[in-house]
Amino acid sequence: MVGAAGGTAAWISWSRPSPDAVRVELGGDLDLASLRRLENEIALLLASAGERVEIDVSAVVFLDSSAIALLVRIANHFATASLVGASGIVRRTIDALGLGEHLGLAAPPTEPAP
Amino acid sequence: MTARAPRPLSVAVLILTLVLTAVLTVLTAATRDHSTEGLLTGQVQQAAVTIGGQVPTVQAQLADAVQVATATNAQPAVFKRFVTPKLSAAGPFAAMSLWRLGPGGARELAHSGQPLVLAGSAAQHFFASVHPSTTLYFTNLLAGGSRFGYAEMPPGDRAHLVVYAERNVPGPTHPVTINSSPFSDLRLALYFGPRADRAALLETTAPGPSGQTATVTIPFGDKALTVVGSATDELGGALLGALPWIVLGVGVVLALTSASTVEYVMRRRVLAEQYAIENARLYREQRGLVAAFQHALLPEVHPLAEVDVAARYVAGVRAVDVGGDWYDLIETHGGRCVLVVGDVSGRGLPAATTMAALRYAIRAYIEQGDDIDTVLTKIGALIDVDRDASFATVLIGELDTKQRSLRLASAGHLPPLLVDAEGAHFVELDVAAPIGVRQHRPIAVTTIPAAPGMTFIAYSDGLVERRSEVIDTGLERLRNAARVPGSLEDVVDAVMTGAREEDCEDDTVVLALRW
């Protein structure tokens, strides 16, 4: 998967709801180019301490293999990870890659998705 | 920049600007001259009027003398007593005389001061023209221009008495300064008569007028006085005087600056165009190199004993960077073969070198006799997502035509398609995590029966993925595209056109087998 230019601007932000937990939010078009621009923020996140990480991808419009690699790296940095807010496209992409367990992808909701 | 002849356009700009400058300079100079000329004429006129204003004064004094003479019945002694105090060699009255006009001519009655120059027939001729009037009568210049005379005969003079005076002309050898202050910055020359005749020069300042002059002629008694004047300073001020030079200077600077700018810009443009052409050439060259490189990396597909093989590699639409997709087919002993399709994330040299490393490691492990799940486990050590920021999806399978079995294992890779008489369906596989990501469970191997007449299609995600689409849509599209009759090559062609997005940016790899 290779991203194209344009579209929604990529962003990343995180907070610390408790001393050993980190909550990361990602949004926009996540591809090789846009992730290069977020290099500094990503480096800071991957240097921070914590036991658990919750990654919220509900605002993500598009993600390519570099973005998937980023999600894995974030999950690798903490002892446990959970991925929330995955839309149909994001969920199915992660499932097809066999990364559901590694990223702590939550089980799909019981009611049918829109 | 190397020294080369300037371009025609910059030369044209230079010439045009210089021409414009020349025109403006000339216009400015002409305007300046015209305005100073007007100013000068005005000043000289005023000077002339001031000088001409002396006439009534002289007239009045002469008229008084006539009155005295008339009242005393032209007694010479009385006349002399009256006029002598007014006489002075340098003043307006160097000599004064009383005359009576009669039918026989003019007769001198009294005289005081220097001897009169006007005499004889010239005097008779002059007095013949004198009549009672308000005008002061002037003679022409007398005695070679050193003396002139004037006569006053008041209106209503029934005694026919005329007072005639003569004045010395200082001449050019005795220049005088006109002290009246409004004209102290003018250089003037006064001429008797209607023209600035050298012979008729009355008075001049020291030095006389030069350069730009104005000439004014005013009535002077019954004759005329011509005043010629020039200014000692710039009448319009120093700035106005210098303006043409300023315009010329600025214009030349502007001409040189604009011509240089045009030249510079044009050279840069030529340079930019040359770079653009060179860049286009380099780009084409690199595309060619990339295609050659990838072609060299991917193996020729040899037909196997009982298996049809078809393979495709199509680069993504940009194709400037090397990609990380590959396929491989390895014949092992006992009529078995191992098939591999892989996709390293990212682009460029890192992806290509990782791909090469994985491909050859897999070959080596297969050569050593490792089973397919062992191979996948072992190659996990070659790539690490934390260290390399990339991972690889790999599908590996072992086909045993004798046993009619196909064993498959997938590390993050999309399921292959099986097409038979009943239709097409994807193989259900337990997908392990991609290579480079820690595995949570041992890698599973799925065994399916390989009935004859089956077509097996393995591919990379470029075949089925489209932006803003769930992956399942693309998989379904592939499934429908594969259900075509014909040779294996026909099926692969159908799949490439039917499933793959036009202008797909991702590389695509297809490996198909039919047994």
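Which side chains meet in a salt bridge at 2.6 Å, N to O? The side chains of B:D472 and A:R92 do.

This is a predicted model, in which local features need pLDDT of at least 70, side-chain atom pairs count only at pLDDT 80 or more, and totals for chains, interfaces and linings use all residues. Residues are numbered from 1 along each chain as its sequence is written, chains are lettered from A and ligands numbered from 1 in the order in which they are written, and side-chain values use heavy atoms, with hydrogens and water left out.

**View 1. Interface of chain B and chain A.** Contact (heavy atoms within 4.5 Å) joins 30 residues of chain B to 22 residues of chain A. The buried area (accessible area, 1.4 Å probe, lost on putting the two parts together, summed over both) is about 2,200 Å², and carbon and sulfur atoms give 58% of it. On the chain B side, B:F391, B:H440 and B:R467 lose the most area to chain A, together 24% of what that side buries.

**View 2. Salt bridges between chain B and chain A.** The rule (side-chain nitrogen of Lys or Arg within 4 Å of a carboxyl oxygen of Asp or Glu) finds 3 salt bridges across this interface. The elements of chain B that give two or more residues to the side touching chain A are α8 (385-388), β17 (431-432) and α9 (471-482); helices (H or I, at least four residues) and strands (E, at least two) are DSSP runs, numbered from the N terminus.

**View 3. Helices α1 and α2 of chain B.** Helix α1 (residues 8-52) of chain B packs against helix α2 (residues 54-71) of chain B at an angle of about 5 degrees, with their axes 4 Å apart. Axes are lines fitted to C-alpha atoms, for helices over the stretch in contact, and angles run from 0 to 180 degrees between N-to-C directions. α1(B) and α2(B) are therefore roughly parallel to each other (angles under 35 degrees). B:T50, B:I51 and B:G52 of α1(B) make the contact with B:Q54, B:V55 and B:P56 of α2(B).

Note on methods
Parallel < 35°, antiparallel > 145°, perpendicular 65-115°, else oblique.
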